[in-house]
Amino acid sequence: MDPLGLLSMACMVVTLISFTSGIPDFLVIMKNKKTGNTPFLPFLSGFVTNIGCFLYGFMKMDYTILVVNSVGTLLNTFYVLVFLYYSTNRNASLKLFSTASLLMIGAYLYLSHIVVDPQRVESHLGLATCVLILFANVSPIVQLNHILRSKSSASLSFPLALGIFMNSVLWSLYGVAISDIFILVPSLPGIFSSLLQFYLLSKYPAKKID
């Protein structure tokens with residue numbers, strides 16, 4: 001197998017494994033029958049990102065992107081549905097999900113009825129994918145101010161941070177290998193985001209809640 005093939009395989013294996021990083025959190029959620037401190041945004045952004053990346057991979061006919069994001073879409077659909085069912089603040093979670101759904105529908109209508117041209121659609125999808133990956137990679141630290149004030153990293157997840165780190169490194173390399181700036185650019189901030197999460201997890205261990 002050539003170097004690109006090995007890198008492609010590594011991206012698929014590591015990414016598919018990292019998609020399961022949310023399972024421990026959801027086992028706790030299902031056991032406690034509430035979401036507690038677990039943030040919804042990382043899983044919702046993962047859901048939207050997987051759909052966008054799948055469509056981008058379909059336009060490029062990139063097998064690596066297609067395989068990874070087809071599985072990711074199914075798994076993140078499960079995460080989102082379970083989270084909504086057990087959400088501690090269901091109204092807020094539903095508002096976020098509804099907003100994301102409307103944005104996806106709007107994007108589909110825009111690309112299919114206004115842009116139309118396949119090359120331009122691919123370019124627009126690439127840009128949208130770039131933004132989505134960037135958002136997904138940094139979304140776990142949106143509560144940075146809360147973490148610093150409370151001195152607790154309860155809203156962060158080590159498996160999720162580890163998954164973002166490994167994925168960001170591999171997909172950065174893959175983006176360089178296939179000369180795709182839409183994959184490379186958003187992956188780089190993911191490395192710094194995960195390193196910051198590692199620091200916060202060690203600096204401010206999660207406080208136990210009775």
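What percentage of the 210 residues of the protein count as buried? The share is 43%, where buried means under 20% relative accessible area, exposed over 50% and partly exposed in between, with a 1.4 Å probe and protein chains only. This is a predicted model, in which local features need pLDDT of at least 70 and side-chain atom pairs pLDDT 80 or more, while totals for chains, interfaces and linings use all residues. Residues are numbered from 1 along each chain as its sequence is written, and side-chain values use heavy atoms, without hydrogens and water.

The protein has nine helices and zero strands; helices (H or I, at least four residues) and strands (E, at least two) are DSSP runs numbered from the N terminus. Its C-alpha atoms fill a box of roughly 55 × 40 × 30 Å along the principal axes.

The structure contains one salt bridge, defined as a side-chain nitrogen of Lys or Arg within 4 Å of a carboxyl oxygen of Asp or Glu. D180 pairs with K60, their closest N and O atoms being 3.5 Å apart. D180 lies in the loop between α8 (158-177) and α9 (181-203) and K60 in helix α3 (residues 41-60), so the pair ties together parts 120 residues apart in sequence.

| Residue | Relative accessible area | Class |
|---|---|---|
| D180 | 5% | buried |
| K60 | 28% | partly exposed |

L27 is found in helix α2.
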